[in-house]
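Trainee: I have a model to go through before we set anything up. Can we take it question by question?

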Amino acid sequence: MSPSPAPTRGARLAVLVVGLCWLVVLFDGLDMFIYGSVLPHMLETKALGITPGKAGDVGSWATFGMLIGALSSGTVSDWVGRKKTIIVSTAVFSLASAVCASAATLDMFSLGRFLAGLGLGGLLPSAITLVTEYAPRGRGALIVGSLMTAHQAGGIVAGFVALGTGDWRVSFWICVIPLFVGVPLAAKYLPESMAFLQAKGRATEALALADRYGVELAGKDEERPAAAERWSALTALFRGGLWVQTLLFWLASFGGLLLVYGVSQWLPSLMKANGYNTGSSIGFVIVINLGGIVGMLVGGRLTDRFGGSRIAAIWFGVTAVGIYTLSAHMSLALTYAVVFLTGLFLFSAQAMIYATVAARSNAENRATAVGWTSGMGRFGAVFGPWLGGQLLATGSTTAGFTAFAIAGVFSMVLVSLTGLRSLPQPQQSSTPQLTTTG
C-alpha cells in the first residue's frame, strides 16, 4: 500500500480530474445549446426547409440519441472504464457537428444531431461518475455542481457563438473544436478511476496510479472483485426493495430532462413569439445559463449539507413558478431577472438528482446507476423538444410555458418521495479516500 498522501497532493489530483472533465462538459454544453441558439435564425430563413414542427422532430432525434448514449454509457463505463467512455463520447459529438455543418438536407442534419446525441448522452454520466469518485468526502454534490457549471458555461458560449457568427453552419463548425482540444488533453492527462480499477480487480494498475499521484488506496481487505456479469450492476439497482427508489429517480429525471431540453431548445423561439426581438431572445439563453452556473454552486453546497432529495424538490418547485411566470409579457429588465432566477433553479435541480444517485451508489455500479437515471430521463428529453415544437406550431406560447411548468411540479413530487426514510438504502462499499460515499 502506498503511504498516506499529503492533503495537497490529493487535492491536486481532484483538481486535475475535475478540471479536465469540466473542459469536456463545457464542449458538451456548447453542442447541446447551439441548436436552440441558432434555431430562431434557421426558422426565419427556412434553412433546409425547416418549420417549427420539423424543428421539434430534429430536437427529438438529438435527445433520442442521448437516450441511447446515456443508457449504454453507464454499463460500458463500468465495463471498459470512465476515461475511455469520456474520450470516445467527446469524439463522437464533435464529428457529428461536422455532419450538421455540411448537411445539404434536413434529413442529413437530423442524422448529425442524432449522432451528436449519442456522444452527448454518453459523456455526462461518465464524467459525473469520475469526478464523484475523486471528490473529497462530504463534497460530492458540490463537486458535481461545480462540474455542471461547465454545461451552463457551454450554453453561454453557444449564445455568443450564434450572435457572433450569424450563420448556423459556421456555428456548427465551431462545435468540431473539441475533437482537436478536449480529446487529446483527456487522452494524455485524465486518470482512470481508482475505484473502478479496484472494483475490477486491477489492483496493480490502481496502485501504480496512486503512487504516481501520491494518494492512498483503500486497504487490500476492503477491495472488491469485479462483477461476474456486466449487467449485474443494473440488476443490483432493483434488489432488496431498491426498485422503488430507482424508479422514483428515473421518473423524476424524466420530468427534469423534459424541462432542461425543452426549455433549452425552445426558450429563444418562445420568447420571440411572445414579443421579444431575436437579439433579446438569444440573450435569454446566455442569462438563463448564467443563472444555471450560480445554481450549480449553491445547490451543490446545500445538497451536501441538507440532502439531495430535499434540495432538488425545492429547486423543481421554484423552477415551475419561474417558467410559468415567463408566459406573461413583462419589461425586458424584469424578464431578464426572471430568466436568470429560473436558470438558477432549473439546471441544478436535475444535477442534484445525479449527485444524489451517485452518492447513494457504490463503486461497482455507480456509473450504471447514474447512466440509467440519465438514460431513462432522456425519454423526457426526447418528448420535451417535440412537445415544444407542437405547441409553438399552434401559435400558443402560454401553453408551452404551462406544459413545462407542470413537468417541474411532477419532478418535485417524485424527488420528494425519494427522501422518505422508509425507503431502503444501498449498501455502500469502500472506495479510495479521495472519493465520497455520500
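**Burial, packing and surface**

Mentor: Start with Ser253. At 0% relative accessibility, Ser253 counts as buried. Keep in mind that the model is predicted.

Trainee: Which residues is Ser253 in contact with, leaving aside its neighbours within four places in sequence?

Mentor: Set aside the neighbours within four places in sequence, and its contacts are Gln350, Ile353, Tyr354, Thr373, Ser374 and Gly377.

Trainee: H11 also meets H13. At what angle do the axes of H11 and H13 cross?

Mentor: Helix H11 covers residues 242–273 and helix H13 covers residues 308–325. Their axes come within 12 Å. H11 passes H13 in a left-handed crossing. The contact is made by Ala252, Gly256, Leu259 and Val263 of H11 with Phe316, Thr319 and Ile323 of H13. The crossing angle is roughly 35°.

Trainee: Is Thr398 buried, partly exposed or exposed?

Mentor: Thr398 lies in helix H16, residues 397–417. Its relative accessible area is 40%. Buried needs under 20% and exposed needs over 50%, so Thr398 is partly exposed.

Trainee: What separates the C-alpha atoms of Thr398 and Leu270?

Mentor: Along the chain, Thr398 and Leu270 are 128 residues apart. Their C-alpha atoms are separated by 9.0 Å.

Trainee: Now the surface. Which residues make the nonpolar surface patch of about 450 Å²?

Mentor: Take Tyr189, in helix H7, residues 182–189. Tyr189 has 40% relative accessibility, so it counts as partly exposed. Patch residues need over 30% relative accessible area. The patch is made by Ile177, Phe180, Val181, Leu185 and Tyr189.

Trainee: How many helices and strands does the protein come to?

Mentor: Of the 438 residues, 62% count as buried. The secondary structure comes to 16 helices and 0 strands.

Trainee: Last one. What percentage of the contacts with a separation of 6 or more comes from residues 24 or more positions apart?

Mentor: Count the contacts in the protein with a separation of 6 or more. Residues 24 or more positions apart account for 85%.

Conventions
Residues are numbered from 1 along each chain as its sequence is written. This is a predicted model: local features need pLDDT of at least 70, side-chain atom pairs count only at pLDDT 80 or more; totals for chains, interfaces and linings use all residues. Side-chain values use heavy atoms; hydrogens and water are left out. Patches are made of residues with over 30% relative accessible area and no salt bridge: like charges are joined within 9 Å, nonpolar side chains (Val, Leu, Ile, Met, Phe, Trp, Tyr) within 5 Å. Accessible areas come from the Shrake-Rupley method with a 1.4 Å probe; for residues, only the protein chains shown count as cover. A salt bridge is a side-chain nitrogen of Lys or Arg within 4 Å of a carboxyl oxygen of Asp or Glu. Helices (H or I, at least four residues) and strands (E, at least two) are DSSP runs, numbered from the N terminus. Buried means under 20% relative accessible area, exposed over 50%, partly exposed in between (1.4 Å probe, protein chains only). Axes are lines fitted to C-alpha atoms, for helices over the stretch in contact, and angles run from 0 to 180 degrees between N-to-C directions. A crossing is left-handed if the near helix is turned anticlockwise from the far one by less than a right angle, and right-handed if clockwise. Contact means heavy atoms within 4.5 Å.
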